[in-house]
Amino acid sequence: MRNTRSTQLLFELSKPGRRGVCFPAADVPTQPLERLLPKSALADAPPPLPELAEPEVVRHFTNLSTLNMSVDTHFYPLGSCTMKYNPKRNERLAALPGMAHVHPYQPDESLQGLLALLFGLQQYLAEIAGLDAVSLQPAAGAQGELTALLVAVAYFKDRGERRPHVLVPDSAHGTNPASAAMAGFESITVRSTPAGLVDLDDLRAKLDDQTAVFMITNPNTLGMFDAQIREIADLVHKAGGLIYLDGANMNAILGIARPGDFGADMMHFNPHKTFSGPHGGGGPGAGPIAVRAKLAPYLPVPVVVERDGHYALDYERPKSIGRVRSFFGNTGVLVRAYAYIRTHGPDGLRRIAENAVLNANYLLSQVKGLLPVPQGDRCMHEFVATAARLKQEKGATAMDLAKRLLDYGFHAPTVYFPLTVRESLMIEPTETESKETLDAFAAALAQILSEPAAALHDAPLTTPISRPDEVRAARQPVLRWQPEPVE
Amino acid sequence: MPYLANTAEDQQAMLMAIGAGSLDELFAQVPAELRLQRSLNLPPALTELELTQHLGELSARTASTADKVCFLGAGSYDHFIPAVVDAIASRGEFYTSYTPYQPEASQGNLQAFFEYQTLITQLTGMDVSNASLYDGASAAAEAMLMTLTATKRYGRLIVARSVHPEYRQVLDTYLEHLGIELVTVGTPGGTLAPADLAAALNNETAGVLVQQPNFFGCLEEMAELAEVTHRAGALFVVAVDPISLGLLRRPGDYGADIVVAEGQSLGSPMSFGGPYLGIMACREEFVRRMPGRITGQTVDRHGRRCWVLTLQTREQHIRREKATSNICTNQGLFALRACIYLATLGPQGLREVAELSLRKAHYAADRLAAVDGLSLEFDRPYFKEFVVRAPRGLVEPLLERAYRDDGLLAGVPLGRWYPELADCFLVTVTEKRTRGEIDRLAESLSHIAALVR
């Protein structure tokens, strides 16, 4: 039974005089605050936060949690997000005191265990990437992109070159062109072929001595491996540019192929996707990058180094781009990635890729008779179906299908991305789902497609809310709770 | 393979349905010459027991607040985390969900983000908050970028030298290629003098970044600095310690235009620097220039109150290279932790944490200042951190021996960032430190200072 009283807003549950935690009395001399701080700096009263007792806080948030779908509770085939199972052991290990309760400015000698772990992770990621050096600093994939692009700027500057352009395929994540803009580049879009691969003619036309970087997602956002990658890399390298690989889809090729081997000069990992870091309702992730040796001098500081069995943080890197965030990086996420890689070993990682691709292809085989999949019969870790024909014939959209799937107990696929496919549903089952789950999903989709369009427009029917008015939210923004004005 | 459900029979049945002869055939898209012809060179797989032993051993070789007494701060703080925070944040429904692309399946997260946004506005006195960014440093850099488009001035940005050096480094990195001049104004007495700021401002200056309390723990004269900044037509960006707002005036009350903060103090562990929580709040008029996710209230088709991600036309997945930032997600789980923390503490709890930290820091400063050879570097009001000067060349041996001999993480040496403070270290005292621990710190440093001099 849903408890709607406890899911009122915290502010509505508040009552003056309640509190959820008490602190000990001061064990040091207490003197008037005005003697410690100037009166002008002191607030008249503490901030007007809500006041609740601990059990109310617990009941409030526990009931809120039940309003979410999650990997722990539901199949979550959100394409491009790699919603795989998040191992419980990793949560417990990341909470160990020597992982969680460590200050970032402790002396190196007090950090030897953790630095050994982080050094190991740098090496594992370099090996998986087929590249030479790693920075664990970036806080997310998008920040990894930005960091790598800044590394590229520094590299070209060092060579006395100024290359103002970054080329980005039209199927790329929006973060690619946005990161390019933040790094001071002009971003130029390269078309995809109808099959979803890079249009080589368009690439040739736009590639010149002004091109710094070509950013490519491979496998791409359609779940296709672009087999032209070697040729693309040769073209870009011949023009003096660098290849950046958006590693969002590394889950498909772990141990199968390595970006460095197929031409990438730099890449980011998404440990919260590929290496099972929990998505946390939208973060935190991490965005470590791997680069070729010639780019290593420009990586952010610090990096972990090993000297005679002793680990240290190396800040003495004169060509470094500096920092993109404070402190070392998203260590908590990195510890989970380390635990995941160590759990699997080389063969295990390869089996992850194999089963991710097997599950995606199997689901593709079950879905393609229901909805067209323009890319064909095969995919890597995900595929993109289209509801364009359904919309034309029946008036039901990709969003309608997505909403109705919620009623059947499945989280919706990613809809309306990539932008290159109309009415797209991007489906990524991941390796941790069973055949039975995939069969049930396909059966639900078949059932939904047999329903009248009107029923789909009304979906979802079983969720706590249905079809929020997003236009109103944007036109009359209410971005915080405020007390009712007193009459 | 603990996380895979596919049996050999499943795999055969699935391959048959696909029409493929083998797993290998599924990778036909990857040209043979691009395939890795060997196994990855990684250590072999570990069982859960082995992995637990291995990480336990690494953890044991790492000092933590479980076995050392921590007087380190400088942007990452050892504040107390009530059990409620961990208990709720470790619910799978929260931490294994993702960005609320389907609001019907994410009302728990969305409502929590809306509550978080409200709590941040209550805490800072600002009009609006986003649903969080990566960390305090990148939030500060993003805020300074915002001032460029908000003022349409693309000439100069100003930052006080008393702002966290790593925040300034991040700002420097973000600005490196945008052709904006970054002017750092010195803070020789430990704080930024309004006259020095006035001298650095010109009519091309978009924004000024000041930290309160600043990196040295000192309080800046915020009202005066805000006024000087506004007189020059620039925006006043403030980086705050959210815990200090239990006691100190809120930035919204002294004229801040954008407020950023490192939210780690609000219920998240130090975790060797991350993941943390980038707080950002601003005045209403800048909301459409704000980076990151924002949650808004609306109604569903039955008129029920609910929450969605909103104002998304600012964001990269819609605007691509014209977006306000490249940021994709927020730090959802850590925004949730801050939300639980603040809801649990309430106004009185937050005030107590701030007051205890303040009082204990002052007690510690008095004790250390009385140690022969040590002195306080700045004669300014301070909150929970202060700078101690040691005899020439002795910072390193002092801190090293306090750690080795007495298990004390006594302070952060400042020479790496401030050459003129090479003989100084920063000491931080939170509500967790007891009088006994502070006395031990004073005795230890006194003892070592006498030995090494």
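**Start with the domains**

The centres of domain 1 and domain 3 of chain A, taken over C-alpha atoms, are 46 Å apart. To see the division, colour domain 1 (10-65), domain 2 (89-344) and domain 3 (349-472) of chain A; such bounds come from an automatic or database domain assignment.

Some ground rules: this is a predicted model, where local features need pLDDT of at least 70, side-chain atom pairs count only at pLDDT 80 or more, and totals for chains, interfaces and linings use all residues. Residues are numbered from 1 along each chain as its sequence is written, chains are lettered from A and ligands numbered from 1 in the order in which they are written, and side-chain values use heavy atoms, with hydrogens and water left out.

**Next, a sheet**

Select E10, E12 and E11 of chain A: in that order they make an open sheet of 3 strands with antiparallel pairing. Strands here are DSSP runs of E, at least two residues, and helices are runs of H or I, at least four, numbered from the N terminus; two strands pair if DSSP finds at least two bridges between them. E10 (383-386) and E11 (414-415) of chain A are the edge strands with a single partner each, so one side of each has no neighbour in the sheet.

**Zoom in on Arg325(A)**

Look in the loop between strand E9 (310-314) and H11 of chain A for Arg325(A). Is Arg325(A) buried or exposed? Arg325(A) is buried, at 0% relative accessible area (buried is under 20%, exposed over 50%, partly exposed in between, with a 1.4 Å probe and protein chains only). Its side chain makes a polar contact of 2.5 Å with that of Asn330(A) (N or O atoms within 3.5 Å; within protein, one must be able to donate a hydrogen and the other to accept it, and residues adjacent in sequence count only if both atoms are side-chain atoms). Show chain B too: the backbone oxygen of Gly273(B) lies 2.5 Å from a polar atom of the Arg325(A) side chain.

**Finish with the rings**

Over all chains there are 26 aromatic pairs (rings of Phe, Tyr and Trp, its six-membered ring, with centres within 6.5 Å; planes under 30 degrees apart are stacked, over 60 edge-to-face, the rest tilted). Pick Phe119(A) and Tyr311(A): with centres 5.4 Å apart and planes at 50°, the pair is tilted.
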